[in-house]
Amino acid sequence: MRPGIHPDSRPVVFRDRASGQSFLIRSTLDSARTIEWEDGHTYPLVDVEISSASHPFHTGTSRVLDTAGRVERFERRYGRTAAARG
C-alpha cells in the first residue's frame, strides 16, 4: 500500500438510536461529538438509526407485510389504468 493515501482508522463508538446499545469498533469515520467509554477514554460518537441490536432480521422480530392489501390500495388510488398500460 502506498503511504499517505488512506484515511486514518481509529476507535469510534456507534450508538444505536432504536435500542440504545453502543459499539466500540475501528472506523475511518469522524465526528465532532464525543463520549466517554467504559474504559475511561473519550472516543468520537456516531448515532445510527439501526444496527444488529435493533434490526428485525437479527432480533427475530420480523414483520409480515400485507402485500395483497398494498396491491388493492394501489389499484384503488391509481385505478387499473396503470396495469392496463403495461
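Which residue in E4 does Thr34 stand opposite?

1. The model under discussion is predicted. Its protein chain contains three helices and four strands. In sequence order, the elements of the protein chain follow the pattern β-β-β-β-α-α-α.

2. The four strands make up an open sheet, arranged in the order E2-E1-E4-E3, with mixed pairing. At the edges lie strand E2, residues 22-27, and strand E3, residues 34-36, each of which pairs on one side only. From one strand to the next, the twist averages 45°. As background, the strands of a sheet pair through backbone hydrogen bonds, in either a parallel or an antiparallel manner.

3. Strand E4 covers residues 42-48, and three bridges join E3 to it. These two strands, E3 and E4, run antiparallel. The opening question is answered here: the residue in E4 that Thr34 stands opposite is Pro44.

4. On burial, the protein chain has 86 residues, of which 14% count as buried. The accessible surface of the protein chain comes to about 7,200 Å². Carbon and sulfur atoms account for 52% of that surface.

5. The final point concerns contacts along the sequence. When contacts in the protein chain between residues at least 6 apart in sequence are considered, 34% of them join residues at least 24 apart.

Terms used:
Residues are numbered from 1 along each chain as its sequence is written. This is a predicted model: local features need pLDDT of at least 70, side-chain atom pairs count only at pLDDT 80 or more; totals for chains, interfaces and linings use all residues. Side-chain values use heavy atoms; hydrogens and water are left out. Buried means under 20% relative accessible area, exposed over 50%, partly exposed in between (1.4 Å probe, protein chains only). Contact means heavy atoms within 4.5 Å. Accessible areas come from the Shrake-Rupley method with a 1.4 Å probe; for residues, only the protein chains shown count as cover. Two strands pair if DSSP finds at least two bridges between them. Axes are lines fitted to C-alpha atoms, for helices over the stretch in contact, and angles run from 0 to 180 degrees between N-to-C directions.
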